[in-house]
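Look over the sequence and the model before reading on.

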Amino acid sequence: MRRPMYDTMSTLFEYAKGSISDKDMEEFASLTEHATDEALRLAQVCEGIACTVESDARGGHPAGSFHGADSVFTLLCALAHSFDTIAAMAHVGDAATYHLNCRKRGVEP
């Protein structure tokens, strides 16, 4: 399974976590909140697409762009990339929060 964003962001964070300032670590920790916002935005987009597809299926003039295999493939690949990115943001944000809390308590992670 390809997870380019998740694997890249996780690896970069692992290498950099020891040299990241507390202020910057707080920015990394905020990725968890941004991931939540992004997931909610993507849920709205998916709902809108579903409504368009359902409306097209009922007849009338097709309004959607997802009638052929190529367009559906492109859509699903875009969604997969978005979910990969959201997972990476949540993972790095959670790890940053953990490391920041350890620093504040004076404990090695």
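What is the accessible surface of the chain, and what share of it belongs to carbon and sulfur atoms? The surface comes to about 7,600 Å², and 59% of that belongs to carbon and sulfur atoms. Such areas come from the Shrake-Rupley method with a 1.4 Å probe.

This is a predicted model, where local features need pLDDT of at least 70, side-chain atom pairs count only at pLDDT 80 or more, and totals for chains, interfaces and linings use all residues. Residues are numbered from 1 along each chain as its sequence is written, and side-chain values use heavy atoms, with hydrogens and water left out.

**Overall build**

The chain has four helices and zero strands. Helices (H or I, at least four residues) and strands (E, at least two) are DSSP runs, numbered from the N terminus. The chain's radius of gyration is 19 Å, well over the 13 Å that the globule rule gives for 109 residues, so the chain is more spread out than a compact globule. That radius is taken over C-alpha atoms, and the rule is 2.2 Å times the number of residues to the power 0.38. Buried residues make up 25% of the 109. Buried means under 20% relative accessible area, exposed over 50%, partly exposed in between (1.4 Å probe, protein chains only).

**Salt bridges**

The structure holds five salt bridges. Each is a side-chain nitrogen of Lys or Arg within 4 Å of a carboxyl oxygen of Asp or Glu. Among them are these:

| Pair | Closest N to O |
|---|---|
| Arginine 3 and aspartate 7 | 3.0 Å |
| Glutamate 14 and lysine 17 | 2.6 Å |

Arginine 58 is exposed at 69% relative accessibility, while glutamate 54 is partly exposed at 38%.
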